[in-house]
Amino acid sequence: MKKPKTGGEIDSYCTKCKLDLTHRIIAMVGDTVKKVECKTCGSHHLYRKPKSERDAEMAAAAKAGSAVKKTKADGAPRTASERHAAAERAERERVSTWEKAIAGQPTGAFRPYSVKTLFGQGELVRHAKFGDGVVARVIDRAKVEILFQDGTRTMAHGIE
Ligand SMILES: [Zn+2]
């Protein structure tokens with residue numbers, strides 16, 4: 001590629017002709033083309049990359065990965081900070097669910113956790129290591145999901 005210089009020719013998108021056309025460079029800042037004159041209509045305007053070049057760049061950016069495209073304002077995809085906020089919301093919800101289930105329950109309401117005990121949904125569990133929890137879901141005859149203060153754990157139950 002030739003280095004552009006003032007007075008030289010360059011392909012630019014003409015804002016008047018609305019086409020990629022040959023322009024004459026009339027102003028530069030460093031190595032950057034600033035102003036051009038359209039050889040077709042004679043208008044002076046800021047240099048704009050040819051549309052074909054911009055399209056190619058956009059296609060390359062889209063191919064390069066979702067990250068670049070997803071920051072574009074098309075609504076649906078989420079940015080990293082939005083994902084972070086969603087994760088925080090889920091975390092707060094989990095803690096509040098746990099607090100509601102545990103709050104004000106007498107010690108006797110908790111069954112000590114043991115792999116031999118068969119638990120039912122909503123039962124309160126006291127675990128030697130993880131503390132108090134509530135059975136969020138009975139997965140099957142051998143596995144339960146227990147919500148503890150620091151997270152949900154899949155635990156064994158009803159093992160003979
Ligand atoms: Zn023009």
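Biologist: What makes β2 and β3 a pair of strands?

Modeller: Count the bridges. Pairing calls for at least two bridges between the strands, and β2 (residues 19-29) and β3 (residues 32-38) are joined by 6. They therefore count as paired, and they run antiparallel. The two form a hairpin with 2 residues between them. In that turn, G30 has a positive phi of about 65 degrees.

Biologist: How many bridges join β3 and β4, and what does the cut-off make of them?

Modeller: There are 3 bridges between β3 and β4 (residues 44-46). The cut-off is at least two, so these strands pair as well, again in the antiparallel sense. Look for E37, which stands opposite H44 in β4. The hairpin of β3 and β4 has 5 residues between the strands, and G42 takes a positive phi near 80 degrees there.

Biologist: Why are β1 and β4 said to stand at the edges?

Modeller: Follow the order of this open sheet of 4 strands: β1-β2-β3-β4, with antiparallel pairing. β1 (9-14) and β4 each have a single partner strand, so one side of each has no neighbour in the sheet. On average, neighbouring strands here are turned by 50 degrees against each other, with direction ignored.

Biologist: How do you know which element has the lowest confidence and which the highest?

Modeller: Compare the mean pLDDT values of the elements. Helix α2 (residues 66-70) has the lowest at 51, whereas β4 has the highest at 97. Where pLDDT is low, predicted coordinates should not be read in detail. For the chain, the mean is 89, with 91% of residues reaching 70 or more.

Biologist: What about α3, and why is it said to lie largely in the open?

Modeller: A residue needs 20 or more C-beta neighbours within 10 Å to be buried. Of the 23 residues of α3, the number buried is 1, so the helix lies largely in the open. From its first C-alpha to its last, α3 (residues 80-102) reaches 33 Å, close to the expected 33 Å. Just after the helix, G104 takes a positive phi of about 70 degrees.

Biologist: Is S96 buried or exposed, and how do you know?

Modeller: S96, found in α3, has 10 C-beta neighbours inside 10 Å. The limit for exposed is 12 or fewer, so S96 is exposed. Its C-alpha is separated by 9.5 Å from that of Q149, which is 53 residues away along the chain.

Biologist: Which strands does α3 touch when it packs on the sheet?

Modeller: First, the sheet: 5 strands form it in the order β5-β6-β7-β8-β9, with mixed pairing. β5 (111-112) and β9 (151-156) are the edge strands, each pairing on one side only. α3 touches β7 and β8 (143-148), and its direction makes about 105 degrees with that of β7. Elsewhere in this sheet, β6 (residues 124-127) pairs with β7 over 4 bridges in the antiparallel sense, and V125 has G133 as its bridge partner in β7.

Biologist: Why is V138 called partly exposed?

Modeller: V138 sits in β7 (residues 131-140) and has 18 C-beta neighbours inside 10 Å. Leaving aside neighbours within four places in sequence, V138 is in contact with F119, G120, Q121 and V144. L118 is 20 residues apart from V138 in sequence, yet their C-alpha atoms are 9.7 Å apart.

Biologist: Finally, where do the two domains lie in the chain?

Modeller: The domain assignment gives domain 1 as 9-70 and domain 2 as 99-156. Their C-alpha centres lie 64 Å apart.

Key. Residues numbered from 1 in each chain as written. Predicted model: local features only at pLDDT ≥ 70, side-chain atom pairs only at ≥ 80, totals over all residues. Domains from an automatic or database assignment. pLDDT = per-residue confidence, 0-100. Axes fitted to C-alpha atoms, helices over the stretch in contact; angles between N-to-C directions. Contact = placed C-beta atoms within 7 Å. Expected span 1.5 Å × (residues − 1).
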